Each structure stands twice: as C-alpha cells, then as structure tokens.
Amino acid sequence: MSPIAIIGGSGLYAIEGFERIETLDDSTCWGTSSSPVVRGMVDGVEVLFLARHGIPHSIPPHKVNYRANLQSLYNAGARSIIAVNAVGGINTKMGPEVLVLPDQIIDYTWGREHTFFAEGLDEVVHVDFSYPYSEGLRKRLISAANRLGVGLVDFGVYGCTQGPRLESAAEVSRMERDGVDVVGMTAMPEAGLARELGMEYATLALVVNWAAGRTEALITMDEIHEVLDGGMLNIINVLRETLKPIY
Ligand code: HPA
C-alpha cells in the first residue's frame with residue numbers, strides 16, 4: 001500500500017510522534033522541492049512529509065515550486081496527500097480556530113507554474129477537476145475527527161488568492177458573492193497538479209483570522225500566529241487518527 005503524504009503549511013513543520021527513517025533527494029525534473037520529502041513512521045504507519053514553505057518557513061505562496069513538490073511526493077511513492085493550510089474565514093460559521101475540510105475550490109491565482117502538461121506533448125491534456133477533493137480522504141478525516149470529538153466543518157469553498165499580501169475588503173466581498181467560504185494562498189495549483197498526477201488530495205484547513213473587512217480590526221501576524229500555535233495540536237491529532245489503519 002502506498003504511504004499517505006502530508007504537506008505541512010504555515011505552522012506545521014513536523015508531526016509529533018514522527019520517527020524519521022530517511023530524508024529523500026529534493027531534486028526533480030521540475031526543479032527543487034520546498035524541502036526534501038522525509039519518510040518516517042507515525043504510530044507504526046509509514047508516512048511522507050513535505051514542508052510547503054521550506055524549513056525554515058521562507059518560501060512565500062507565489063514562489064513555491066508546486067510542481068517539484070508534487071513530483072517529489074509522487075516519486076517517493078505517495079498516491080494520496082493530505083494538505084494542511086492556514087486560511088482566513090469568510091463564512092460566518094468559519095471563524096478563527098475552526099477546522100474546515102473544503103469540498104470545492106475557486107482559483108484566483110495567476111502566473112504560477114500550474115500544470116505538468118505544458119510542453120513536449122504528443123497531444124493536449126485536459127484533466128477532470130469537477131470535484132477537486134478526494135471523497136475517500138475527506139471521509140477518513142471526518143471520521144477521525146468524529147472519533148476524537150474534534151469539531152470540523154466538513155464543507156466549504158476554498159478561494160485561492162495570489163498573495164503574499166492579504167486581500168482587500170472589496171476582494172473578500174467579491175469572493176463571498178462567488179460563494180467562497182475560506183480564503184488562502186496555497187491550494188492552487190497544488191490540488192490541480194495532484195489531479196494531473198492521479199493522486200488523491202484533501203485539505204485540512206485551520207481558520208487563523210477573519211478575512212479582510214469581516215471585522216473592524218485589521219489582520220495582524222500576531223493574531224495569526226497565536227491561533228496557529230493553538231490550532232495545530234488539533235490538526236496533528238486529527239492527522240494521527242486519520243493515518244491509523246481501520247480494522
Ligand atoms: N487570506 C489569504 N490567506 C490567508 C489568510 C487570509 O485572510 N489567512 C491565512 N492565510
């Protein structure tokens with residue numbers, strides 16, 4: 001069975017209980033991945049881990065080499081990915097500290113290398129992306145959270161912006177009219193590239209702030225870090241429970 005891969009986002013650079021077996025080469029035909037893929041064991045289950053923004057956290061969302069990251073995980077044998085993302089909340093049910101398992105995506109990014117199928121093709125390739133997230137992985141995450149009694153909103157449209165700046169209040173209002181529930185900067189092209197490689201993909205998102213204009217206050221990095229520090233424990237617990245084989 002192929003191991004599940006975890007892509008750690010802001011705030012998640014390691015998983016508690018992770019015992020490293022080996023660190024793999026970070027070079028791919030698409031360039032170097034943000035960090036080397038690390039193969040290890042969590043509670044007796046093999047898992048692969050990659051830090052999306054590098055170690056230390058130094059690669060901004062628009063500079064991440066998503067193609068190399070996905071290719072690295074694929075080369076390491078992963079066929080399913082749980083991505084962890086910090087997001088801003090737009091939907092009133094999705095305020096700071098809430099865990100969200102989105103079921104749809106709208107891509108507002110631009111200028112990112114977003115496909116493996118650009119050059120040297122015998123024929124043009126279009127992959128289906130009607131349902132970006134794997135229902136199988138989503139179900140595993142939902143039942144793991146339920147077993148632990150951790151609250152999780154199991155739906156939501158993830159709007160992916162270019163960053164690294166945060167959005168204007170008007171941009172967030174437009175996204176709300178589009179049906180976006182949470183806003184982040186890293187779901188795309190990551191999810192699209194996973195689909196191009198035929199990999200199962202799900203996102204476990206932690207809301208770390210109200211999106212721009214949703215409250216009177218301006219968004220500060222201090223508030224984001226505070227929620228990240230507190231919320232990662234829940235994320236790690238849900239991940240560990242999800243990885244456990246079900247007998
Ligand atoms: N917008 C975009 N990305 C984010 C936000 C936000 O408000 N919070 C965390 N990542």
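Visitor: Hi! Where is proline 164 found?

Guide: Proline 164 is in the loop between strand S10 (157-160) and helix H3 (169-178). Helices (H or I, at least four residues) and strands (E, at least two) are DSSP runs, numbered from the N terminus. The model is predicted: local features need pLDDT of at least 70, side-chain atom pairs count only at pLDDT 80 or more, and totals for chains, interfaces and linings use all residues. Numbering runs from 1 along each chain as its sequence is written, and side-chain values use heavy atoms, without hydrogens and water.

Visitor: Thanks. Is the peptide bond from glycine 163 to proline 164 cis or trans?

Guide: The bond joining glycine 163 to proline 164 is cis, and its omega is near 0°. There is also a cis bond from methionine 188 to proline 189, with omega near 10°.

Visitor: And where does proline 189 sit?

Guide: Proline 189 belongs to the loop that runs between S11 and helix H4 (190-196).

Visitor: Switching to backbone angles: what is phi for aspartate 43?

Guide: Phi of aspartate 43 is near 50°, a positive value in a residue other than glycine. Aspartate 43 sits in the loop between strand S5 (38-42) and S6.

Visitor: How accessible is aspartate 43?

Guide: Its relative accessibility is 38%, so aspartate 43 counts as partly exposed. The classes are buried under 20% relative accessible area, exposed over 50%, and partly exposed in between (1.4 Å probe, protein chains only).

Visitor: What about glutamate 97, what is its phi?

Guide: Glutamate 97 has a positive phi too, about 85°, although it is not a glycine. You'll find glutamate 97 in the loop between S7 and strand S8 (99-100). With 58% relative accessibility, glutamate 97 counts as exposed.

Visitor: Let's go to H2. What span should its 14 residues have?

Guide: At 1.5 Å a residue, the 14 residues of H2 should span 20 Å, and this agrees with its end C-alpha atoms being 20 Å apart. The expected span is 1.5 Å times one less than the number of residues in the helix.

Visitor: Nice. Which residues of H2 are buried?

Guide: Leu137, Arg138, Leu141, Ile142, Ala144 and Ala145 are the buried ones in H2. They are on the same side of H2 because they cover an arc of only 160° around the axis, taking directions from the helix axis to the C-beta atoms.

Visitor: What covers the buried residues of H2?

Guide: The cover includes strand S1 (4-8), S7, S12 and H5. On the face of H2 turned away from its buried side, you'll see the exposed residues Lys139 and Asn146.

Visitor: Since S7 came up, is asparagine 85 buried or exposed?

Guide: Asparagine 85, which lies in strand S7, is buried, with a relative accessible area of 1%.

Visitor: What is asparagine 85 in contact with?

Guide: Leaving aside neighbours within four places in sequence, asparagine 85 is in contact (heavy atoms within 4.5 Å) with Arg52, Tyr158, Thr186, Ala187, Thr203, Leu204, Ala205 and Leu206.

Visitor: Last one: where is tyrosine 131, and is it buried or exposed?

Guide: Tyrosine 131 is in the loop between strand S9 (104-107) and H2, and it counts as exposed at 60% relative accessibility. Apart from neighbours within four places in sequence, tyrosine 131 is in contact with Gln104 and Arg195.

Visitor: How far is tyrosine 131 from alanine 145?

Guide: Their C-alpha atoms are separated by 22 Å, with tyrosine 131 and alanine 145 being 14 residues apart along the chain.
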